[in-house]
Amino acid sequence: MAVNSRGRERSDGYYHAQITYGLMPFAFVLGMYMTPHAEQAGTTALLCMFGCWLGVFISPDLDLPGLTFSEWKVIRIPFIGRYFLGPIFVMIWFPYSMLFRHRSFWSHGPGISTIIRILYMLSIYYAIRAVVPALNLPELSGMIESDTQKISCMSIIAGLMLSDIGHWMRDIGILS
Ligand SMILES: [Zn+2]
């Protein structure tokens, strides 16, 4: 296993993240074709690339017990990572790591696992919305009504799916 500049062994998560970064230009091109409207293509390209980048954080390996590479990445965000975003992120994904076996079809299956993670995040969101009404969390479906909004949303999901497929390909040995 290769070592980084500090002489530490690079984790599997590091290589997964490198693959995701490598896929971002492909996500950009994919995003350009996500819309039939030429004037929207630049936006969907950027959104699809953003969705792919999100794959570094919303990773299939969140099914692992303990702190994963992506959880450490959130914890290490300057200022807000350690005491705010990091603990929230870890709490959100803790039940997920209990629900799914590592590298199971549901957490790693191409396409399906991305949809399951999105449904998981939505269910957490709506649970918090129901339990803590004082937060005034908006109803998400009300924010995705027009065709443009739907296509934008699909572009982010497509990018995330591309990252997850890259992850799966490394896990089964197609990519290294
Ligand atoms: Zn994996």
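Analyst: Two residues are in contact if their C-beta atoms, placed from the backbone, lie within 7 Å. The model is predicted, so local features need pLDDT of at least 70 and side-chain atom pairs count only at pLDDT 80 or more, while totals for chains, interfaces and linings use all residues. Residue numbers start from 1 along each chain as its sequence is written.

User: Leaving aside neighbours within four places in sequence, which residues is Leu 162 in contact with?

Analyst: Leu 162 is among the residues that touch the most other members of the largest nonpolar core. Such a core is a set of buried Ala, Val, Leu, Ile, Met, Phe, Trp, Tyr and Cys residues joined through C-beta atoms within 7 Å. Buried means 20 or more other C-beta atoms within 10 Å of a residue's own, exposed means 12 or fewer, and partly exposed is in between, with C-beta atoms placed from the backbone. Setting aside neighbours within four places in sequence, the contacts of Leu 162 are Leu 23, Phe 26, Ala 27, Leu 30 and Cys 52.

User: Which element gives the largest share of this core?

Analyst: The largest nonpolar core has 16 residues, including Ala 27, Cys 48 and Ala 158. Two or more residues come from each of α1 (12-32), α2 (41-54) and α7; these helices are DSSP runs (H or I, at least four residues; strands are E, at least two), numbered from the N terminus. With 7 residues, the largest share belongs to α7.

User: And the second, separate core: how many residues does it have?

Analyst: Ala 17, Val 56, Phe 89 and Trp 93 are among its members. The count for this second core is 8 residues.

User: Which residues of α6 are buried?

Analyst: Helix α6 (residues 112-131) reaches 28 Å from first C-alpha to last, close to the 28 Å expected for its 20 residues, where the expected span is 1.5 Å times one less than the number of residues. What covers its buried residues includes α5 (105-108) and α7 (147-171), and the face turned away from the buried side carries exposed residues, including Leu 119 and Leu 122. The buried ones are Ser 113, Thr 114 and Arg 117.

User: Why are they on the same side of α6?

Analyst: It comes down to the arc, taken from the directions from the helix axis to the C-beta atoms. They sit on the same side of α6 because they cover an arc of only 115 degrees.

User: Is Asp 63 buried or exposed?

Analyst: Asp 63 is in the loop between α2 and α3 (69-75). Leaving aside neighbours within four places in sequence, Asp 63 has contacts that include Tyr 96, Phe 100 and Ser 107. With 22 other C-beta atoms within 10 Å, Asp 63 is buried.

User: What is the phi of Asn 136?

Analyst: Most residues other than glycine have a negative phi. Asn 136 lies in the loop between α6 and α7 and is exposed, with 7 other C-beta atoms within 10 Å. Although Asn 136 is not a glycine, its phi is positive, at about 55 degrees.
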